[in-house]
Amino acid sequence: MNAIIKSEKKHFPVLLNELINIISPLYGGTFIDCTFGNGGYSQEILKHKSNKVIAIDRDESVMKIVNKFEAKYKNRFHFKQLKFSQLNKLNPKPTDLKGIIFDLGYSLNQIQDKSKGLSFNSDTKLNMRMGLNEFSAHEVINKLEYEDLYKIIKVFGDEQKAKFISRKIIANRQSQKINTQDLVKIIDDVKKYRYTKIHNSTKTFQAIRIFVNNEISELIYGLIESFKLIPLGGIIAVVTFHSIEDKIVKFFFKNYSERKNLSRYLPNLNNKKILFTLKNKKPILPSSKEIKINPPSRSAKLRYAIKIKNNEDFRDFIEKFKIYLDIENIRKKL
Ligand SMILES: C[S@@+](CC[C@H](N)C(=O)[O-])C[C@H]1O[C@@H](n2cnc3c(N)ncnc32)[C@H](O)[C@@H]1O
């Protein structure tokens with residue numbers, strides 16, 4: 001998520017300085033910004049005249065900002081409306097690619113756009129599509145059977161009350177279609193009172209949003225496609241906002257970079273694929289100053305790795321997160 005400071009009506013992307021510090025030694029080439037959004041990262045990279053940016057975003061509503069960038073930066077900036085998983089459609093492929101960056105989640109503009117229905121304050125039909133989607137939250141909530149709703153809300157939302165919420169959705173939709181505020185009321189009725197500081201609906205809405213936008217497969221195939229695009233010595237950097245995203249990025253970078261020798265009595269697993277150098281084993285987190293002025297940044301984690309070897313076969317990576325991909329495959333029932 002692009003956590004943004006609302007005062008002064010300026011957009012401040014999370015961990016911007018930290019990201020720029022990581023990629024600046026590679027300046028003088030092309031960078032792919034996979035989450036253009038409000039253009040915060042792209043703009044900072046383009047401040048250096050020797051840099052070019054190819055940006056993508058699944059949401060066509062970023063076009064207003066894209067047009068301004070194209071006018072200002074001319075042939076140093078190009079945009080294509082694509083999803084992460086479609087990175088292989090970039091044509092022509094950049095020859096001097098230095099880095100690929102991701103700032104996952106959604107932007108303030110998207111959450112404020114009531115028609116997108118990403119916020120539980122929205123009073124419209126359920127939607128949650130960020131762009132280039134096959135179905136909406138309306139179909140998910142009004143069509144899927146109990147078992148499927150339960151899995152989505154439990155696993156993608158880590159919602160303890162997933163069973164009761166799913167049951168009540170099924171019961172309530174017998175009489176009428178469920179809209180955004182109906183869903184908020186169902187969750188409030190089940191949870192009765194607020195257990196924590198977070199809104200009753202946060203976890204269920206996160207779960208449905210992840211499912212509607214195929215966020216898990218987008219991330220997994222986005223990382224694989226980035227790996228194929230980036231040359232040796234190039235950087236892949238990712239800012240995550242929730243634990244499933246971070247688990248996937250952490251595994252991708254760490255599993256392919258460390259030679260874990262658990263015991264000197266065990267055989268050394270020399271056949272393990274070493275594809276990256278990791279400069280920071282731990283994620284980079286926002287400073288207390290950033291969190292103070294911009295509280296939503298508190299859950300951000302920045303991880304990056306430098307590619308050192310080519311590889312075509314990522315079946316083990318895909319297999320590792322099969323449990324999530326299987327849940328996303330429930331979409332085939334819609
Ligand atoms: C947090 S915002 C990025 C903000 C940006 N870094 C900035 O500085 O303004 C995330 C953006 O990524 C886009 N996005 C999310 N998932 C995507 C995907 N799978 N493919 C392409 N774009 C995606 C969203 O539409 C949104 O515009």
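Predicted model: local features only at pLDDT ≥ 70, side-chain atom pairs only at ≥ 80, totals over all residues.
**Entry 1**

I then traced the strands and found an open sheet of 7, with mixed pairing and the order β3-β2-β1-β4-β5-β7-β6. The edges are β3 and β6 (276–277), each of which pairs on one side only.

Strand β2 (residues 52–56) runs parallel to β3, and 4 bridges join the two. For a landmark I picked Val53, whose bridge partner in β3 is Phe77.

Helix α1 (residues 16–23) lies across β1 (30–33), β4, β5 (235–240) and β7 (301–307), and I noted an angle of about 170 degrees between α1 and β5.

**Entry 1: Ile23, in helix α1**

I stayed with α1 and looked up Ile23, which sits in that helix. Is Ile23 buried or exposed? I put the cut-off for buried at 20 or more C-beta neighbours; Ile23 has 22 inside 10 Å, so Ile23 counts as buried.

Then I listed what Ile23 touches beyond its neighbours within four places in sequence: Phe31, Gly99, Ile235 and Ala237. I checked Ala237 along the chain as well: this residue is 214 residues from Ile23, yet their C-alpha atoms are separated by 8.7 Å.

I turned to helix pairs here. Helix α6 (residues 146–157) packs with helix α7 (residues 162–172) at an angle of about 140 degrees, and their axes are 9 Å apart. That angle makes α6 oblique to α7. I also noted that α6 passes α7 in a right-handed crossing.

Which residues meet between α6 and α7? From α6 I wrote down Tyr146, Leu149, Tyr150, Ile153, Lys154 and Gly157, and from α7 Ala162, Lys163, Ile165, Ser166, Arg167, Ile169 and Ile170. Sorted by class, this contact has 8 nonpolar, 2 polar and 3 charged residues.

I followed α7 to its contact with α8 (180–191). Here I read an angle of about 130 degrees and axes 9 Å apart. These two helices are therefore oblique to each other, and the crossing of α7 and α8 is right-handed. On the α7 side I listed Phe164, Ile165, Lys168, Ile169 and Asn172; on the α8 side, Asp182, Ile186, Ile187, Asp189 and Val190. The class count for α7 with α8 came to 6 nonpolar, 1 polar and 3 charged residues.

I was pleased to see Ile165 and Ile169 of α7 in my list for α6, and I found Ile165 and Ile169 again in my list for α8.

**Entry 2: helix α9**

How many residues of α9 are buried? I found 10 of the 11 in this helix (residues 202–212), so I wrote α9 down as mostly covered. The buried ones are Lys203, Thr204, Phe205, Gln206, Ala207, Ile208, Arg209, Ile210, Phe211 and Val212. I noted charged residues on that list, including Lys203 and Arg209.

I then looked for what covers them. The buried residues of α9 pack against α5, α6, α7, α8, α10 and α14 (322–328).

**Entry 3: two loop residues**

I looked up Lys83 in the loop between β3 (77–80) and β4 (97–103). This lysine is buried, because 22 other C-beta atoms lie within 10 Å. Leaving out residues up to four places away in sequence, I have Lys83 touching Arg58, Leu132 and Glu218. I also noted Thr35, which is 48 residues from Lys83 in sequence and 9.1 Å away in space, C-alpha to C-alpha.

My last stop was Ser122, in the loop between α4 (108–112) and α5 (137–143). Why does Ser122 count as buried? I counted 22 C-beta neighbours inside 10 Å. With residues up to four places away set aside, Ser122 touches Lys114, Gly117 and Thr180. Asn179 is 57 residues from Ser122 in sequence, and I read 9.6 Å between their C-alpha atoms.

How values were computed: Residues numbered from 1 in each chain as written. Buried ≥ 20, exposed ≤ 12 C-beta atoms within 10 Å, placed from the backbone. Contact = placed C-beta atoms within 7 Å. Axes fitted to C-alpha atoms, helices over the stretch in contact; angles between N-to-C directions. Parallel < 35°, antiparallel > 145°, perpendicular 65-115°, else oblique. Left-handed = near helix turned anticlockwise from the far one by under 90°. Pairing = 2+ DSSP bridges.
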